[in-house]
Amino acid sequence: DSMSPLATRNSGGAGGHGTIQHHEDDFMSGGSGAVSFTAYEEEEMEMFTSYIVGMLTNLGQLPLKTIHSNLKMFVTGSDVKYSKTPQQLSAFLQYLCRQETLECGPDGMYKILKK
């Protein structure tokens, strides 16, 4: 009998995690497997791009964590608040790499792509 509460707790915990993960995957992929942004998100992301490019221009190469912290700190006074998760930011930075705006080194450091 002492086993059943433990088993219930474990399955409840796993179920909760599965739900969160599923939601995150759907949000990241737009449900299609590729990252797609709405018009509003694109406008938002363009603004974030200018912050990110400015940051990397002034500070050189930075890891995801630092870019995320700086965006949370600096994108506050405008109409748009920065409320992305590190996973969402990572997907966006990868998108900027594919657009040849940024590059990410093997060490995980992002920098402006020199053309």
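Predicted model: local features only at pLDDT ≥ 70, side-chain atom pairs only at ≥ 80, totals over all residues.
Let us begin with the overall layout. The chain holds four helices and three strands; helices (H or I, at least four residues) and strands (E, at least two) are DSSP runs, numbered from the N terminus. Along the sequence, these elements follow the pattern α-α-β-α-α-β-β. Of the 115 residues in the chain, 26% are buried, where buried means under 20% relative accessible area, exposed over 50%, and partly exposed in between (1.4 Å probe, protein chains only). Among contacts (heavy atoms within 4.5 Å) with a separation of 6 or more, 49% come from residues 24 or more positions apart.

The three strands form an open sheet in the order 1-3-2, with antiparallel pairing; two strands count as paired if DSSP finds at least two bridges between them. Strand 1 and strand 2 (102-104) are at the edges with a single partner strand each, so one side of each has no neighbour in the sheet. Strand 2 and strand 3 are joined in the antiparallel sense over three bridges, and Cys104 stands opposite Tyr110 in strand 3.

Two helices meet this sheet. Helix 2 lies across strand 1, strand 2 and strand 3, and runs at about 95° to strand 3. Helix 4 packs on the sheet too, touching strand 2 and strand 3, and its direction makes about 115° with that of strand 2. For these angles, axes are lines fitted to C-alpha atoms, for helices over the stretch in contact, and the angles run from 0 to 180 degrees between N-to-C directions.

Helix 3 is the next stop. Ile67, His68, Asn70 and Leu71 are buried in this helix. Viewed down the helix axis, the buried residues fall within an arc of 165°, so they line one face of helix 3; the arc is that of the directions from the helix axis to the C-beta atoms. These buried residues pack against helix 2, strand 1 (62-63), helix 4 and strand 3 (109-112). On the face turned away from the buried side, helix 3 carries the exposed residues Lys65 and Met73.

That brings us back to Lys84. A search of the whole structure finds one salt bridge, meaning a side-chain nitrogen of Lys or Arg within 4 Å of a carboxyl oxygen of Asp or Glu. Glu44 forms this bridge with Lys84, and their closest N and O atoms are 3.1 Å apart. The pair links distant parts of the chain, with Glu44 in helix 2 (residues 39-59) and Lys84 in the loop between helix 3 (64-74) and helix 4 (86-98), 40 residues apart. Glu44 counts as buried because its relative accessibility is 6%, and Lys84 counts as buried at 13%. Leaving out residues up to four places away in sequence, Lys84 touches Glu44, Met45, Phe48 and His68.

Glu100 counts as partly exposed, with 46% relative accessibility.

Key:
Residues numbered from 1 in each chain as written. Heavy atoms only, no water.
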